[in-house]
Amino acid sequence: PKKLMVRDVLLELDKMLRRLIGEDITINTSFAGKLTPILADPGQMDQLIVNLVVNAVDAIRDNDVGKPRVITISSSQVYLDNIFTSTHTGSTAGTCLLLEIADTGSGMSKETSDHIFEPFYTTKEQGKGTGLGLATVYGIVKQNHGYITVDSTPGEGTSFKIYWPVIEDIAEGKQEEEKEEESREPQVPGGTETILLVEDDEILRNITCHHLRHRGYNVIEAENGVDALEKASSAAVDLLFTDMVMPVMNGWELGEKIKSIHPDIEILYTSGYFDDRWKNGNISPPEERFIDKPYDPREVLVWIRKLLGGRS
């Protein structure tokens, strides 16, 4: 976790979110007054926002033709008093950053909204959703001692409100100590090479791609091994960053086939399920070419720069 200004996070994600939702949906962002920093993991905060926006897009796509297609992201600072906490079990009194993501989508019944944070619960048709997006959001909020509510009416849209504790006033000595730590922290490196990013999780792919492009890399996106091979055959690629566990073709098979097209390519593998089943099949990427999920996109930048060395 680091000291974050949510305004900065939203401004950095803005272009990626607009590309994600498409031109047929309007996204509005507003910031009310002075906002105090919060303590949060940047990667988790990106994931939380993108998950909620993707959920809003899906709800809007279910709208009848002619209905408004708007997503509103707003942030403000509020104080939760004892009256609020007594009627909202799980909330804690104090000053919070309020992040609200609302949409004009199809809305939900109370019965549905009572279950949406449960793992694997989904109202989408088979193959269109895992039921983990909102469960992940809920987990992130709870892990950081926050509170989340949902207000939804069928046909009238949905509003998610996240109450995130702000960082209390820090003594002057502590502030100086943090400044010294920040000055010692190495800068996250970037580059100009071409990265082939292969990930079947659309949300994770978008977040990682956003961070790579922000640091100067040219990124080619692919959702599976077949798609990646086709794109690699018509483009110069310096590094392949691929998930290991994918349908049709796993990351190891993809890496071996891409080497025949680009013999000098560097490869970085990732997985959240890397265990003995790979090793038993003699498939075990060296430690310097493997990063565990979940990962911080900035950590990926460091690994990529190590592998590419001084090519830039």
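Helix 8 (residues 225-232) lies across strand 8 and strand 9, and its direction makes about 140 degrees with that of strand 9. Helices (H or I, at least four residues) and strands (E, at least two) are DSSP runs, numbered from the N terminus. Axes are lines fitted to C-alpha atoms, for helices over the stretch in contact, and angles run from 0 to 180 degrees between N-to-C directions. Helix 7 (residues 202-214) lies across strand 8, strand 9 and strand 10, running at about 165 degrees to strand 9. The model is predicted: local features need pLDDT of at least 70, side-chain atom pairs count only at pLDDT 80 or more, and totals for chains, interfaces and linings use all residues. Residues are numbered from 1 along each chain as its sequence is written, and side-chain values use heavy atoms, with hydrogens and water left out.

These strands belong to an open sheet of five strands in the order 9-8-10-11-12, with parallel pairing; two strands pair if DSSP finds at least two bridges between them. Strand 9 and strand 12 (290-292) stand at the edges with a single partner strand each, so one side of each has no neighbour in the sheet. From one strand to the next, the twist averages 20 degrees.

Which residues of strand 10 point one way, and which the other? L239, F241 and D243 point one way, L240 and T242 the other way, and all are buried. In a regular strand the side chains alternate between the two faces of the sheet. Buried means under 20% relative accessible area, exposed over 50%, and partly exposed in between (1.4 Å probe, protein chains only). Five of the five residues of strand 10 (residues 239-243) are buried, so this strand is largely enclosed by the rest of the structure.

Strand 10 pairs with strand 8 (residues 194-198) in the parallel sense over four bridges, and V198 stands opposite T242. With strand 11 (residues 266-271), strand 10 pairs in the parallel sense over five bridges; here the bridge partner of F241 is L268. Between strand 10 and strand 11 the chain passes through helix 9 (residues 251-261), and this β-α-β crossover is right-handed. A crossover is right-handed if, with the strands pointing away from the viewer, the path from the first strand over the helix to the second runs clockwise.

N218 is found in strand 9 (residues 218-222), and T194 in strand 8. N218 counts as partly exposed, because its relative accessibility is 41%, whereas T194, at 11%, counts as buried. The side chains of N218 and T194 make a polar contact at 3.1 Å. A polar contact is a pair of N or O atoms within 3.5 Å; within protein, one must be able to donate a hydrogen and the other to accept it, and residues adjacent in sequence count only if both atoms are side-chain atoms. Leaving aside residues up to four places away in sequence, N218 touches T192, E193, T194 and I195, where contact means heavy atoms within 4.5 Å.

Strand 4 (residues 70-80) and strand 5 (residues 94-103) run antiparallel and are joined by 10 bridges; Y79 has T95 in strand 5 as its bridge partner.

The buried residues of helix 5 are L134, A135, V137, I140 and V141, and their cover includes helix 2, strand 6 and strand 7. H145, which follows helix 5, has a positive phi near 60 degrees.

For the protein taken as a whole, the secondary structure comes to 11 helices and 12 strands. Of its 312 residues, 45% count as buried.
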